[in-house]
Amino acid sequence: MREKAVERRNVNKEHNSNFKAGYIPIDEDRLHKTGLRGRKGNLAICVIILLFILAVINLIITLVIWAVIRIGPNGCDSMEFHESGLLRFKQVSDMGVIHPLYKSTVGGRRNENLVITGNNQPIVFQQGTTKLSVEKNQTSITSDIGMQFFDPRTQNILFSTDYETHEFHLPSGVKSLNVQKASTERITSNATSDLNIKVDGRAIVRGNEGVFIMGKTIEFHMGGNMELKAENSIILNGTVMVSTTRLPSSSSGDQFGSGDWVRYKLCMCADGTLFKVQVTGQNMGCQISDNPCGNTH
């Protein structure tokens, strides 16, 4: 027993002093490595950088929205959102293009005016093919389907281009209408005012079934020529006066025989038919062989 105890004590003493007990030399390159190494590590770094850039962009957008909309502790200072879909701007807003939803309405407060200002640019309201343009010197409305203006409170139609239902009338306060081409059945004026048609260049009045001009006094003032054409006849009913102050004339009769001038005399039959006769000499009358009046002229 004593010998076994001594042997056990020696074994324990040797074991405690042997630091290389149980040690096996191993090559570290053959061990399983943990973590992101090589290409995976580079990809992880790229993802982290991308997330950082997105976070910076998101921060900039948030700051811009906060500065424009002016979000504070009490909510938004520049606009209000209502459950009915109403978007109300409480301060002066600077916008470029606004796209409202279908059947939207743009308006102001009940006791305040709605002020829309364009900085050296026209203000354009457009819905489909209908466009309202407000410029510095003019306001124009163009539409392919027609237009009408009515009072929103009384629903009375103030102006409409639906000529089949409503007769065309100029709105109150409008004295003139500027158009390039108009197609209508008749043009009339009030009983107490004159109807004036003025053009800068050439005016053409054409009727598929004739043109009838009626009035107490009808005057034509023109700087060039006046041409009347008809398939059947031209009837002038009433007193016809022609001012010769602007017609070409000559004090001598030498030009009748020359080839520089070709003159015609305006003649009228007893029934009002007008015809022309070429003037070949002085004191020439309307007696020609092929005049449309017959013997009476």
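Student: What share of the contacts in the protein with a separation of 6 or more comes from residues 24 or more positions apart?

Tutor: Welcome! This is a predicted model, and in it residues 24 or more positions apart account for 7% of those contacts. To count as a contact, heavy atoms have to lie within 4.5 Å.

Student: How many of the residues in the protein are buried?

Tutor: Of the 297 residues, 6% are buried.

Student: Which secondary structure elements does the protein have, and in what order do they run?

Tutor: There are 2 helices and 11 strands. Starting at the N terminus, the order is α-α-β-β-β-β-β-β-β-β-β-β-β.

Student: What does UniProt place at residues 43-69?

Tutor: An unreviewed UniProt entry has the feature "transmembrane region" there. In the model, this stretch is 100% helix and 0% strand, with its end C-alpha atoms 39 Å apart.

Student: Why is cysteine 46 called partly exposed?

Tutor: Its relative accessible area is 48%. Buried would need under 20% and exposed over 50%, so cysteine 46 falls in between and is partly exposed.

Student: What makes cysteine 267 and cysteine 286 a disulfide?

Tutor: Their sulfur atoms are 2.0 Å apart. The cut-off is 2.5 Å, so the pair qualifies as a disulfide. In general terms, such a link is a covalent bond between the sulfur atoms of two cysteines.

Student: Why is this disulfide of cysteine 267 and cysteine 286 called left-handed?

Tutor: The torsion about its S-S bond is about -85°, so the disulfide is left-handed. Cysteine 267 belongs to strand E10 (residues 263-268), while cysteine 286 is in the segment after strand E11 (274-279), so the bond ties together parts 19 residues apart in sequence. Both cysteine 267 and cysteine 286 are buried.

Student: How many disulfides does a search of the whole structure find?

Tutor: The search finds 2. Counting bonded cysteines along the chain, the disulfides of the protein follow the pattern 1-3, 2-4.

Student: How do you know whether cysteine 269 and cysteine 293 are buried or exposed?

Tutor: Compare each value with the 20% limit. Cysteine 269 has 5% relative accessibility, so it is buried. Cysteine 293 has 17%, which is under 20%, so cysteine 293 is buried as well.

Student: Where does the charged end of lysine 276 sit?

Tutor: It sits over the ring of tyrosine 264, 4.7 Å from the centre of the ring. One condition is a distance within 6 Å, and 4.7 Å meets that condition.

Student: How many aromatic pairs does the structure hold?

Tutor: The count is 0. A pair would need ring centres within 6.5 Å.

Student: What makes the phi of asparagine 120 worth a look?

Tutor: Most residues other than glycine have a negative phi. Asparagine 120 has a positive phi of about 60° although it is not a glycine. Asparagine 120 is in the loop between E4 and E5, and its 79% relative accessibility is over the 50% limit, so it counts as exposed. Glutamine 155 also has a positive phi, about 65°, without being a glycine; its place is the loop between strand E8 (148-150) and strand E9 (157-160).

Student: Why does glycine 96 count as exposed?

Tutor: Its relative accessibility is 74%, over the 50% limit, so glycine 96 is exposed. Glycine 96 lies in the loop between strand E4 (87-89) and strand E5 (123-127). From glycine 96 to glycine 118 is 22 residues in sequence and 9.5 Å in space, C-alpha to C-alpha.

Note on methods:
Residues numbered from 1 in each chain as written. Predicted model: local features only at pLDDT ≥ 70, side-chain atom pairs only at ≥ 80, totals over all residues. Heavy atoms only, no water. Helix = DSSP H or I, 4+ residues; strand = E, 2+ residues; numbered from the N terminus. Buried < 20%, exposed > 50% of the residue type's maximum accessible area, 1.4 Å probe, protein only. UniProt positions renumbered as here; feature names shortened; annotations may be inferred. Phe/Tyr/Trp six-rings, centres within 6.5 Å; stacked < 30°, edge-to-face > 60°. Lys NZ or Arg CZ within 6 Å of the ring centre and 35° of its normal.
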